[in-house]
Amino acid sequence: SLKAVSRNGTGTDNLPVEAFKQKGVAILRAEGANARGVAELAITLMLSAMRHVPTIDAGMKAGNWLRLLGREIEGRAVAVIGYGRIGSEFAKMACGLGARVRAYDPFVIQPARPLGDFAWHHDLDLLDGADVVSLHAPGRSDGQPLLGAVELACLAPGAVVVNTARASLVSADAMLDALGSGQIGVYATDVFEQEPPLPSPLLAHPNVIRTSHIGGYTAESVTRATTTAVENLLRALGPA
């Protein structure tokens, strides 16, 4: 008798989508409800990485006067992979900060172009020389990572990688090697294969920033998502 499943978010990774389709169960999503929250977290992680905020904070709490040379975002090449509502919101914010934003999404035909230094790419050549990469794409259907050793080697030395999308998009082994060599300066992630995550060499690395899947966990995003989920469900079920 199940008619519909209404998500107070956008992801369907935790749902048996094919089984629902076979049984005619509608899957409803609160699309875009958490876009602002996730995009703001991605910006926060990017800037925190470039200014070494977690490391300096930990050093001061340990009684040290730690001063690490940071980098400004203005003029930096920022690659945005995935240009849905979250990716496009992130791109707009990054452009507003003066970054040189490059974006790629194979499923977007006519991208909305934010004001500022913005360029659209049709493949992953946007990674060449990028100072920052921010991921806003779904996991690949074959389960393979989007960023492996080859892709990470294309970035500018000391680049920052921000992942608020899917843990599977980044090869853990390749990222660990790249952090060890200095090719990647900081990996900042809000997503994990298992949550809470199991201990791992990558997550224990001092140049990894971790947050506990809080991208859409703001008062505003939760309110928007919950309201939309209820409205979607009422429309799907129709009059009582």
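**Close-up views of a predicted model**

His213 is found in the loop between β9 and α8 (219-237). The model is predicted: local features need pLDDT of at least 70, side-chain atom pairs count only at pLDDT 80 or more, and totals for chains, interfaces and linings use all residues. Residues are numbered from 1 along each chain as its sequence is written, and side-chain values use heavy atoms, with hydrogens and water left out.

**View 1**
Helices (H or I, at least four residues) and strands (E, at least two) are DSSP runs, numbered from the N terminus. Most residues other than glycine have a negative phi, and most peptide bonds are trans. His213 has a positive phi, near 50°. Its relative accessibility is 43%, so His213 counts as partly exposed. Buried here means under 20% relative accessible area, exposed means over 50%, and partly exposed lies in between (1.4 Å probe, protein chains only). His52 is not a glycine either, yet its phi is positive, about 55°. This residue sits in the loop between α2 and α3 (53-61). His52 is partly exposed, with a relative accessible area of 25%. A cis peptide bond runs from Glu195 to Pro196, with omega near -5°. Pro196 belongs to the loop between β8 and α7 (201-204).

**View 1. The open sheet of seven strands.**
The strand order is β5-β4-β3-β6-β7-β8-β9, and the pairing is parallel. The edges are β5 (118-120) and β9 (208-210); each has a single partner strand, so one side of each is left without a neighbour in the sheet. On average, neighbouring strands are turned by 15° against each other, direction ignored. Helix α6 (residues 172-181) packs on this sheet and touches β7, β8 (184-189) and β9. The direction of α6 makes about 140° with that of β8. Axes are lines fitted to C-alpha atoms, for helices over the stretch in contact; angles run from 0 to 180 degrees between N-to-C directions.

Five of the five residues of β7 (residues 159-163) are buried, so the strand is largely enclosed by the rest of the structure. In a regular strand the side chains alternate between the two faces of the sheet. Both faces of β7 are covered. Ala159, Val161 and Asn163 are buried on one side, Val160 and Val162 on the other. Strand β6 (residues 132-135) pairs with β7 in the parallel sense over four bridges. Two strands pair if DSSP finds at least two bridges between them. Val132 has Val160 in β7 as its bridge partner. Leu135 stands opposite Asn163.

Thr164 lies in the loop between β7 and α6. With 11% relative accessibility, Thr164 counts as buried. Contact means heavy atoms within 4.5 Å. Neighbours within four places in sequence aside, Thr164 is in contact with Val38, Leu41, Ala42, Leu45, Leu135, His136, Asp190 and Val191.

**View 2. Helix α2 against helix α4.**
Helices α2 (residues 35-50) and α4 (residues 85-96) pack at an angle of about 50°, their axes 8 Å apart. The two are therefore oblique to each other. Angles under 35 degrees count as roughly parallel, over 145 as roughly antiparallel, 65 to 115 as roughly perpendicular and the rest as oblique. The crossing is right-handed: the near helix is turned clockwise from the far one by less than a right angle. From α2, Ala35, Arg36, Val38, Ala39, Glu40, Ala42, Ile43 and Met46 take part. They meet Arg85, Ile86, Glu89, Phe90, Met93 and Ala94 of α4. By class, this contact has 10 nonpolar, no polar and four charged residues. Ala, Val, Leu, Ile, Met, Phe, Trp, Tyr, Cys and Pro count as nonpolar, Asp, Glu, Lys and Arg as charged, and the others, Gly among them, as polar.

**View 3. Leu15 and Ile27.**
Leu15 is in the loop between β1 (4-6) and α1 (17-23). Leu15 counts as buried, at 17% relative accessibility. Ile27 belongs to strand β2 (residues 26-28) and counts as partly exposed, at 26%. Beyond neighbours within four places in sequence, Leu15 is in contact with Val5, Arg7, Phe20 and Ile27.
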